[in-house]
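Q: Can you walk me through this one? I have the sequence and the model open.

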Amino acid sequence: MSATETVKADLEARFPALAGGAIRASRERRLWIETSREIFADVFRHLVKDLGFTNLCTITGLDEGADLGFIYHLAADNGVMANVKVRCPKGQSIRTVTELFPGAAIYEREVEDLLGAQVDGLGPGPRYPLPDDWPQGEHPLLKDWKQKKPADETAAAKGDTPRE
Amino acid sequence: MSDHEKIMQVPVGPQHPALKEPESFMVDLRGEKIDAVRMRFGYNHRGIEKGCEQRSFTQDLYLVERICGICSYAHSTAFVQAVEEIAGLEIPRRALYIRTIVAELERIHSHLLWLGVAGHEIGFDTLLMYTWRDREQVMILLAQLTGNRVNYGLNTIGGVRRDITAEQIPSILKVVDLLEERTKYYIELAQTEETLRQRLANVGVLTREDALSLGAVGPTARASGVDRDTRRDDPYGAYGEVSFKVVTAQSCDVFGRTVVRLGELLEAYAIIRQLVKNIPDGPVLVKAPRRIPAGEAVSRYEAPRGEDVHYVRGNGTEKPERVKVRAPTLANSQAVAKMLEDGYLADLPIVIAAIDPCFSCTDRMIAVKGNGESRAMTWDEVSRYGVQFYKARGIDFSRVRLREGPAA
Amino acid sequence: MGVFHRIVRWAQRKSPWILHFNTGACNACDIEIIAALTPRFDLERLGVQLKGTPRHCDVLACSGPVTRQVRERLKRIYEQTPEPKIVVAVGSCATSGGVFDGLYNVEGGIDKAIPVTAYIPGCPASPQAIIDGFVKVVKMLEEQGLQERAVERQKVED
């Protein structure tokens, strides 16, 4: 069995909920795992602590309509990636993974800023990547976000007419 | 009162602290040492991921290529690899060889650039002049091979847009031979020039544990003994068909990061020679559909700075559903505060420079609090303070003479 | 034209001091600017020097498409640069926003924030183009004389 298949078999054995096709190997060294919110933390922890996925490359946030999707891109030293996907209804919060990966804070701040995600347990810290004067409640990566020219926004805030 | 305490009390330079713009680094000083640093990023945020959704895959190639002007090929290739995987394309081997040759040439110019920048930060401008003159050899070669010094426009979905001709092969080998000689000289310099070791050793220390938990990548991580390199661990391009060493160091400091990059230069020359020797014949392109099928892929690439990660999702149209980029500098940025802690303010510029940051750090404002006062300093001011600090301790690069290489 | 003006113009022609400011660029143009100063291209032989402070510079060389975070700082640096001052937009982004034009965090070029005297296009602007641009700027300093330009600018702003 390849390294990729070994991980898949282990997960399916340990988490029966994942056995029905929730795990897909798109190719060698690429696993895609769809988990529910209920078991996400356990699956994640198992991958990190027991199966050697000690590199959290990044967290991709996705606008999926009523939900936000989060893909945690984990990698092991042998090159296998476990991309763990979990969904969360907009307005609800997910839990930070900084207890396992202190370096994850910046990726969590990124999904907060760009998609309006809420991450519980993320300590205080500067936002990333948007500037301080970015309008409240505007999350540019949301599909229905309407872009205004930056000049228009600051001008409007000052009460000037926007420059053409 | 010692000289550097006096320096701290000199009135602030031209940019007044009441400038109201966000400082990038907030430094708490205890005497001359850094107690803690808080860092703020986002100056370079342009909105590229959103832009990718609004443009076609082909247009996105040109956008993504310009995320960073040093490792532009890294981003272009990481992106195109993900798209090609979603589309199920099999890329011709010759195209993969060409991509890998250009990838290593980019690593070479980037590491030489870094060597010069590091030299500049410690007051060793001669090193900047010499390494950047050496680097010009690669820039000229890249322009000959691809049509541009930077932003090569070489990749397309399905392969590369230009082939390497038989006539170009000797030029490639000539540059590699020349730069290998220069690199061996710089390695000798690092080993024998005591001022370099004094300035760079035990500076910006990052333990292996911290490197792992904070997610450091690339030479920054490898200098802390983390044996990870995407080219070996998760091969792409033609890396599966060449043999090379992953260079690590155990010193966990800026000197280690220097040694790792120098070692990687030597490996790059070796890789290029193998690729040039074994490059297969054949096409360099396969036809790609305009509409990329629904699907997703994550592509990883070992950029000069470290692991570069691109996630792409297609939705069956000409435009991507989502493009996510994690550049290596963002990963390394999380470790910088740790590296600066308990070090001298004078070392701040070289420690940050040593992660080879892919943001323009020279325009950043630095807020420094300590000795009961606070002030804003420009990057240049902290740099100059650092050079003076070490000159006062007998570490002065203005005396160091370098051996010249051939003119470009 | 008086002796004094001729001397000022000569001094300016002999060594324009450049403040180089990146407004959110990818760094390619910034590197080519510095490359223009290194031995192969050697902009320094024209007397061009990079200086860290706006207060003493003649020329503000800006790269990048102007991100939102940087806009006010750019304007402030422009204000701090004493007259007579020349602003050079280096690269396609600085000229028009380049590939980033239209992205949500980008103004779209230096002239969206401050007046620009000269544009050096290119993605990135090559060292040769940068040198060519600066030679033209130096000639501009010679021919037009910046005293006059300051007066012109004042007229436009009134």
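Predicted model: local features only at pLDDT ≥ 70, side-chain atom pairs only at ≥ 80, totals over all residues.

Q: What pattern does chain A follow along the sequence?
A: Read that way, chain A runs α-β-β-α-β-β-β-β-α-β-α, which comes to 4 helices and 7 strands. Helices (H or I, at least four residues) and strands (E, at least two) are DSSP runs, numbered from the N terminus.

Q: What box do the C-alpha atoms of chain A fill?
A: Roughly 65 × 30 × 25 Å, along the principal axes.

Q: New topic. How many residues does the contact take from chain C and from chain B?
A: The contact takes 34 residues from chain C and 34 from chain B. Two residues are in contact if their C-beta atoms, placed from the backbone, lie within 7 Å.

Q: Which elements of chain C supply at least two residues each?
A: On the side that touches chain B, they are β1 (17–22), α2 (28–37) and α3 (71–80) of chain C.

Q: And the domains of chain B?
A: The assignment, automatic or from a database, gives domain 1 (3–41 + 331–395) and domain 2 (91–289) of chain B. Their centres, taken over C-alpha atoms, are 29 Å apart. The contact between them takes 19 residues from domain 1 of chain B and 23 residues from domain 2 of chain B.

Terms used:
Residues numbered from 1 in each chain as written. Chains lettered and ligands numbered in written order.
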